[in-house]
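User: I would like to work through this model one question at a time. Please show the sequence and structure before we start.

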Amino acid sequence: MITLFGVFLLCLLLITAIAIVREQNLFAAVMLTSIFSLQMAAIFFILDAADVALTEAAVGAGVATVLLLGALALTTNHEQEVKRHKAMAVVVAAFTSLLIIFATVDMPRLGDPMAPAHQHVAPWYLAETPKQVGIPNVVTAILASFRGYDTLGELFVIFTAGVGVLFLLTNSPSSSPSRLPSADAQGLRHHLVPRVVGRLLVPFIVLFGLYVQFHGDFGPGGGFQAGALICAGLILYALIEGESAALLVVPRSLLLALISGGALLYLAVGLAGLLRGGNFLDYSVLLSDPVAGQHLGILLVELGVGLTVTGVLLTIFHAFAAREQRS
Amino acid sequence: MNLELLATPTSWVLLIAGSAFVLIGGIGALRMPDFYTRMHAASLTDTLGTILILAGVIVQAGVSLAGVKLLAIMVFMLLTSPTAAYALANAARLDGLAPTLSKPDPGDS
């Protein structure tokens, strides 16, 4: 039954992908991209990757759609016809697809216990997580503790992306958008129904984000997902109440503090491990009890991830929205 | 009377009724003549279809944490889906999309 459902979802995914490629209206293409992400999240979920599904749904279908729409507002709504090199593109695409399909022949069956991925370090993680880290969600344990270096790298990739977008899109961060009141800046003030319902939902979305943030040790969740969820709630607020009202709630200075503060918190936890005589990002030495130290370390590290992700995503949104008002 | 004996048929009836509404909504979205009537058909899927299907699943889940979560999802869907439908129709109206009206009956006026 679950296989049938998976095949059905993959067929839908293929249809959506073809529709995105063929769509000339970019607005419709963005909407289809959002649908694509939701289907992808459903597929991740039936593959038992709840953490990834949550991220995909929040980032892919939620925040990315808003960002793409913000980018679309700066350009035209229609894709330009490209006539050149079509035959060449077909050949390259066909060759690449054949190569990928050929590569999948050698892949192990889904859930095969003899697969290399399940033979290498995975058994060790599964055996050691209850003893060394003591939290039920092994994904969080691997992400934040065993492979803390990788997550630190990921966090700094996001940090760099946020700083890059700030450099590219913001001309003068100090200029307040309230100086340029336009119809768009008012948000949905004059639409009563979306406004009332939206205002009702924002606190619950943010609350759910906080739950995902601090419950990540026990269930699916963690800093990345929580950051995306909280950011989605705040973007909803910005869409309802207008850009300037959202900047009153979370001003630019606070956004910058969130971006750098989260990354610095992660680094500080790593350095605290060094200072207490352990390795960099070794949480066991943070407290006298190694397992409690791991708990504290993971909580702080995930908090750092959540802060930076929220800050970066919101900054990118505001950068796009501020440009929209200028033009 | 055993309650669990009743639960399964009840949930099946609810699930099948909900699925029927989703199917009708899908057919309506394809077959209706203009944007507003299509949206009307599609919003059937959001409200009645969702309520019935989720109610069916809640009956299956019983009084448990999963049931409460499903109830929360149902309330969330009931709040957001009609709002989204309203916003969509309102945007179309503001954009100047006129509904396709039937030709007035000659004997009517």
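User: Is the crossing of α8(A) and α12(A) left-handed or right-handed?
Analyst: Helices are DSSP runs of H or I with at least four residues, strands are runs of E with at least two, and both are numbered from the N terminus. A crossing is left-handed if the near helix is turned anticlockwise from the far one by less than a right angle, and right-handed if clockwise. The crossing of α8(A) and α12(A) is left-handed.

User: How are residues, chains and ligands numbered or lettered, and what kind of model is this?
Analyst: Residues are numbered from 1 along each chain as its sequence is written, while chains are lettered from A and ligands numbered from 1 in the order in which they are written. Local features need pLDDT of at least 70, side-chain atom pairs count only at pLDDT 80 or more, and totals for chains, interfaces and linings use all residues, since the model is predicted.

User: Are α8(A) and α12(A) roughly parallel or roughly antiparallel?
Analyst: Axes are lines fitted to C-alpha atoms, for helices over the stretch in contact, and angles run from 0 to 180 degrees between N-to-C directions. Under 35 degrees is roughly parallel, over 145 roughly antiparallel, 65 to 115 roughly perpendicular, and the rest oblique. The two axes come within 10 Å and cross at roughly 155°. Therefore α8(A) and α12(A) are roughly antiparallel.

User: Which residues of α12(A) meet α8(A)?
Analyst: Two residues are in contact if their C-beta atoms, placed from the backbone, lie within 7 Å. From α8(A) come Leu152(A), Leu155(A), Phe156(A), Phe159(A) and Gly162(A). Their partners in α12(A) are Ile259(A), Ala263(A), Tyr266(A) and Gly270(A).

User: How many residues of this contact between α8(A) and α12(A) are nonpolar?
Analyst: Ala, Val, Leu, Ile, Met, Phe, Trp, Tyr, Cys and Pro count as nonpolar, Asp, Glu, Lys and Arg as charged, and the others, Gly among them, as polar. In the contact of α8(A) with α12(A), two residues are polar and none is charged. The nonpolar residues number seven.

User: What percentage of the residues in chain A is buried?
Analyst: A residue is buried if 20 or more other C-beta atoms, placed from the backbone, lie within 10 Å of its own, exposed if 12 or fewer, and partly exposed in between. Chain A has 327 residues, and the buried share is 33%.

User: Is Leu67(A) buried or exposed?
Analyst: Leu67(A) sits in helix α3 of chain A. Leaving out residues up to four places away in sequence, Leu67(A) touches Ile316(A), Phe317(A) and Phe320(A). Because 20 C-beta neighbours lie inside 10 Å, Leu67(A) counts as buried.

User: Asp48(A) and Leu281(A) each have a positive phi without being glycine; which of them is buried?
Analyst: Asp48(A), with phi of about 70°, is in the loop between α2 (26-46) and α3 of chain A. Asp48(A) is exposed, with 9 other C-beta atoms within 10 Å. Phi of Leu281(A) is near 65°, and its place is the loop between α12 and α13 of chain A. With 23 C-beta neighbours inside 10 Å, the buried residue is Leu281(A).

User: How many residues of chain B are in contact with chain A?
Analyst: On the side of chain A that touches chain B, five residues are nonpolar, one is polar and none is charged. Six residues of chain A take part, and from chain B the number is six.

User: Are α2(B) and α3(B) roughly parallel or roughly antiparallel?
Analyst: The axes of α2 (residues 35-61) and α3 (residues 65-94) of chain B come within 9 Å and cross at roughly 175°. Therefore α2(B) and α3(B) are roughly antiparallel.

User: How far apart in space are Leu97(B) and Phe35(B), C-alpha to C-alpha?
Analyst: Leu97(B) lies in the segment after α3 of chain B and is partly exposed, with 13 C-beta neighbours inside 10 Å. Leu97(B) and Phe35(B) are 62 residues apart in sequence, and their separation in space is 8.5 Å.
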